[in-house]
Amino acid sequence: MRTRAWAPYALIAPTLVLMLVFLVYPIASVGWFSLRQHTVTQPWKNGFIGLENFRRMLFEDPLFWQSLVFSAKWVFVEVGLQLVLGLVLALIVNETFVGRAMARSLVFSPWAVSGVLTTGIWILLYNPSTGIFQQLAQWGIGDPGTSVLGNPDTVFPATVVTELWRGVPFFAILLLADLQTIPNDLYEAASVDGAGRWRRFISVTLPHLRDAIVLSTLLRAVWEFNNVDLIYTLTGGGPANQTTTLPLYVARKAVDSHDFGYGSALTMAGFVILLFFSILYLRLSKFGSRA
Amino acid sequence: MTQTLIRPEVALDPPPPPPKRKKHRDPSRYFRLHLPLVLYLLFTLIPFYWMLVFAFRPAGETALVPWPITLEHFDTVWNGIGFGLFFQNSLIIALGTLVVVTVFALMGGYALARFKFRGQKVFLLALLCTQFIPGAMLLIPLFVIFKGAGLLNSLTGLIIADTAFQLPLALILMSGFVRNVPVELEEAAMVDGCSRLRAFFAVTLPQLRPALVAVGSFAFIGAWNNFLFALMFASKQDKFTLPVGLSYALGEFNTDFGALAAGGVVAAVPVVLVFAVVQRFLVQGLSAGAVKG
């Protein structure tokens with residue numbers, strides 16, 4: 001086909017410009033900020049301080065390590081549960097049954113709901129005076145609810161369940177998309193060979209889904225690592241910083257204390273971790289081998 | 001009209017297998033399929049229902065089925081707290097982002113799918129890598145940029161920020177869709193004397209309608225829900241979006257659960273409606289190649 005050489009560049013130009021200005025340049029400037037003392041509220045103190053922010057972060061800031069550990073725990077638990085439940089949900093809504101389209105719309109719908117809105121809904125549900133535990137207690141089931149979000153023992157499971165509500169549907173959508181690409185012949189052939197339902201799942205479905213599972217798990221891990229809005233509004237990182245993730249810590253340094261220099265150093269630590277995930281993702285997705 | 005005129009997206013789900021073994025009610029199906037589905041539906045819907053109950057129930061009541069329903073909470077949030085204005089702001093931002101993202105994604109997606117050009121691989125790699133960059137971690141430099149450009153407290157600024165963060169994924173999705181439209185159709189039109197541009201608008205674009213719906217709704221939902229940027233870049237109350245307004249309601253109207261729930265309903269209804277309509281395109285869009293790069 002006759003093409004003008006400049007045409008593709010003209011077509012991607014707007015995207016390229018936006019990416020350079022709002023993604024590439026900010027990353028570079030985070031690197032620069034991280035080497036500076038830069039607090040909006042104390043501009044007279046601002047200046048180049050080398051690696052001082054990083055020294056402070058690694059050796060003098062227990063909250064940095066605490067947020068890192070919580071981030072890891074959060075990602076591991078959240079993504080693991082989302083994978084299992086999402087796979088089960090995808091398998092269910094991939095079956096043929098009456099009302100399937102309706103069921104899909106309903107069970108997927110929380111995905112469309114934002115972090116803040118999810119928080120609003122679940123705060124109503126968890127609240128000791130308005131919530132579901134109070135209601136259940138009235139019916140004689142369980143104890144009258146204490147505040148699950150204010151109690152250090154229950155805040156983690158409560159936060160995990162809330163994010164599951166929103167996250168499982170998205171996992172299910174991803175996996176459903178891949179389930180639908182499995183040719184039906186494979187199942188028929190397996191049935192003819194005498195494979196039962198479980199055997200068909202193990203020998204046909206799982207191998208076919210393997211790539212999608214690996215890649216969506218990695219992608220989801222990154223997204224859950226980056227998740228801020230839900231935890232920020234649900235617990236604010238509390239009680240006693242128990243649910244503060246690294247990005248949330250960064251956001252609070254930026255939004256609350258306007259400490260841009262130190263916040264940038266924390267950001268760099270986050271980038272190092274994300275870099276590891278990105279490389280893993282690109283290797284596993286065999287990027288470039290198809291192009 | 002003939003079979004070929006049926007729109008392609010109808011073929012998304014494999015056709016239901018012929019009822020070859022219509023067993024007389026396989027009881028294990030209830031445990032395997034219906035029971036877990038019902039349980040999951042409960043998990044999904046109870047929180048929504050809880051919100052609806054509080055939004056429509058008069059203050060002080062405790063009935064689980066609100067009757068008679070009241071609209072006083074909606075009056076409070078819409079007129080009293082200003083959710084009417086927040087709704088309008090959110091709508092402007094979401095529609096603006098939808099338009100810009102869809103147009104740019106269409107351009108770029110077409111370029112990726114139909115041309116081979118130097119730097120294509122690097123560009124695609126860059127697009128993929130953006131999926132790993134957290135908006136929250138770029139808040140600091142973005143704030144500085146926005147301040148310098150005079151874009152703080154402006155709806156335009158938020159449209160630009162949302163566009164920048166959503167465009168890469170939208171573009172990847174769109175290129176998958178374009179690739180699924182046979183290039184031969186376009187070529188045939190060009191042999192018939194169409195210019196490339198004309199061939200695109202006359203032949204390819206109509207085929208891309210489901211793609212436009214999917215990508216556009218992604219953008220709409222994403223922008224409608226964006227919280228951190230709006231929180232950070234729009235600090236004046238007349239520029240608040242619904243998520244920001246709602247987050248303040250979480251903190252400040254701690255005792256007025258009816259107002260909180262009504263605000264939630266106002267914020268939820270548009271996105272949930274959009275989502276219900278487009279979820280099948282969504283599944284299709286993801287199979288078109290987003291996950292596999």
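Predicted model: local features only at pLDDT ≥ 70, side-chain atom pairs only at ≥ 80, totals over all residues.

Author: Let us begin with aromatic rings: rings of Phe, Tyr and Trp (its six-membered ring) pair if their centres lie within 6.5 Å, and planes under 30 degrees apart count as stacked, over 60 as edge-to-face and the rest as tilted.

Reader: How many aromatic pairs does a search of the whole structure find over all chains?

Author: The search finds 33 aromatic pairs. One of them joins A:Phe276 and A:Phe277, and it is edge-to-face because the ring centres are 5.9 Å apart and the planes stand at 65 degrees. To describe their surroundings we need accessibility: buried means under 20% relative accessible area, exposed over 50%, and partly exposed in between (1.4 Å probe, protein chains only). A:Phe276 is exposed at 54% relative accessibility, whereas A:Phe277 is buried at 17%. In chain B, the pair of B:Trp78 and B:Phe87 is tilted, with 5.4 Å from centre to centre and 50 degrees between the planes. B:Trp78 counts as partly exposed, because its relative accessibility is 37%.

Reader: Which residue lies over the face of A:Tyr262?

Author: The general test is that a charge sits over a ring if NZ of Lys or CZ of Arg is within 6 Å of the ring centre and within 35 degrees of the ring normal. For A:Tyr262 the residue is A:Arg56, at 3.8 Å from the ring centre. In chain B, B:Arg57 lies over the face of B:Phe54, at 4.6 Å from the ring centre.

Reader: How is the secondary structure of chain B to be summarised?

Author: Helices (H or I, at least four residues) and strands (E, at least two) are DSSP runs, numbered from the N terminus. Chain B has twelve helices and zero strands. α9(B) is mostly covered, with 13 of its 17 residues buried. An α-helix has 3.6 residues a turn, so residues three or four places apart point the same way.

Reader: What share of the residues of chain B count as buried?

Author: Of its 293 residues, 53% count as buried. The surface is treated by the Shrake-Rupley method with a 1.4 Å probe, and for residues only the protein chains shown count as cover. Chain B exposes about 13800 Å², of which carbon and sulfur atoms supply 67%.

Reader: How are contacts and domains read in chain B?

Author: Contact means heavy atoms within 4.5 Å. Among the contacts in chain B with a separation of 6 or more, 72% come from residues 24 or more positions apart. Domain bounds come from an automatic or database domain assignment, which gives domain 1 (43-81 + 252-286) and domain 2 (89-240) in chain B. The C-alpha centres of these two domains of chain B lie 30 Å apart, and 13 residues of domain 1 are in contact with twelve residues of domain 2.

Reader: With which residues is A:Leu274 in contact, leaving aside its neighbours within four places in sequence?

Author: A:Leu274 lies in helix α12 (residues 260-284) of chain A and is buried, with a relative accessible area of 2%. Its contacts are A:Val222, A:Phe225 and A:Asn226, together with B:Phe132 and B:Pro134.

Reader: Where is B:Asn153 placed?

Author: B:Asn153 is in the loop between α5 (139-148) and α6 (155-180) of chain B. This residue has a positive phi of about 55 degrees although it is not a glycine, and B:Asn153 is buried at a relative accessible area of 17%.

Technical notes
Residues numbered from 1 in each chain as written. Chains lettered and ligands numbered in written order. Heavy atoms only, no water.
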